[in-house]
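Take a look at the sequence and the 3D structure below.

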Amino acid sequence: MRILLTNDDGIHAPGLDVLEAIARQFSDDLWIVAPSEEQSGAGHSLTLSRPVRLREHGPRRFSVSGTPTDAVMMALRTVMPEQPDLILSGVNRGANLGDDVTYSGTVSAAIEGTLAGIRSIAMSQVYEKEGMGDTVPFAAAEAWAARVIRPLLDTPFAPRTLVNINFPPRPASEVKGIRVVRQGFHDYARGSVVEGTDPRGYRYFWFGLHGIEQTPGHATDLEAIQDGYVSVTPLQLDLTHDASLAALAGRFA
Ligand code: MN
């Protein structure tokens, strides 16, 4: 099995080493093509206004000076002589849950793989506190990822779907299990904008991350993580809201 590994935290991120160790449990035919710098929050963006550079770091290990989507495109079109059987994206430093998945470069790399018709899985390690940088503990992901991925390898994925996995912020031994749940939503407008003054005296704004806020009882990925479970959520590329089609069409009849 040929596996492409990528992420949005960049080629040097600790979570990519975690991902490689996870993938090694399934195959030795691993290819890494990841952004050269952190691209968290890049979503599904594609670099069009400037060239991207490809750099070889070792055998089957490359970085791309662009977004996660750029990295997957380069992997599939330029770097890999044959298409992968599986794309794993992550393990992200931080949650990709609920409404946040469309901001996510981690999930978007898996979306790009899905567009190419390749089985694609995104993985993220949730953590409790902000400001941990590269010290985010990946223990739950390390211990649970293979258990979650293995059944997914011979499960048929419906066309144009991917799987989004999040690991809860607790020691591996305290993870309660695995829940397959729908994508959640945030109950409250959240997010922080930190304002400051740069060394040259100019005002700046910096978007901060935010905690999980939702009322329990929704049976979503957010709730599963809150309850200490690994969340597994199938996502679809088609964002159409079917129930609104007829009503909207009626307004233009
Ligand atoms: Mn990230």
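Helices here are DSSP runs of at least four residues, and strands are runs of at least two, numbered from the N terminus. By that count, the protein chain has 6 helices and 11 strands. Keep in mind that this is a predicted model.

Start with the overall form. The chain has 253 residues, and a compact globule of that length would have a radius of gyration near 18 Å. The protein chain has 19 Å, which agrees. Its C-alpha atoms fill a box of roughly 55 × 55 × 50 Å along the principal axes. Buried residues make up 48% of the chain. Now take the contacts with a separation of 6 or more: 76% of them join residues 24 or more positions apart.

Next, find helix α1, residues 14–24. Its buried residues are G15, L16, V18, L19, E20, I22 and A23. What covers them? The cover includes the strands β1, β2, β4, β5 and β6, along with helix α4.

Now turn to the manganese ion. Which protein atoms are its donors? They are D8 (OD), D9 (OD), S40 (OG) and N92 (OD1), lying 2.1 to 2.2 Å from the ion. Along the chain, the donors follow the spacing D-D-x30-S-x51-N. S40 lies in the loop between β2 and β3, while N92 is in strand β5, so this pair ties together parts that are 52 residues apart in sequence.

Are these two buried or exposed? S40 has 39% relative accessibility, so it counts as partly exposed. N92 has 5%, so N92 counts as buried.

Key. Residues numbered from 1 in each chain as written. Predicted model: local features only at pLDDT ≥ 70, side-chain atom pairs only at ≥ 80, totals over all residues. Heavy atoms only, no water. Donors = N, O, S within 2.8 Å, 3.2 Å for Na, K, Ca; no water. Buried < 20%, exposed > 50% of the residue type's maximum accessible area, 1.4 Å probe, protein only. Contact = heavy atoms within 4.5 Å. Rg over C-alpha atoms; globule rule 2.2 N^0.38 Å.
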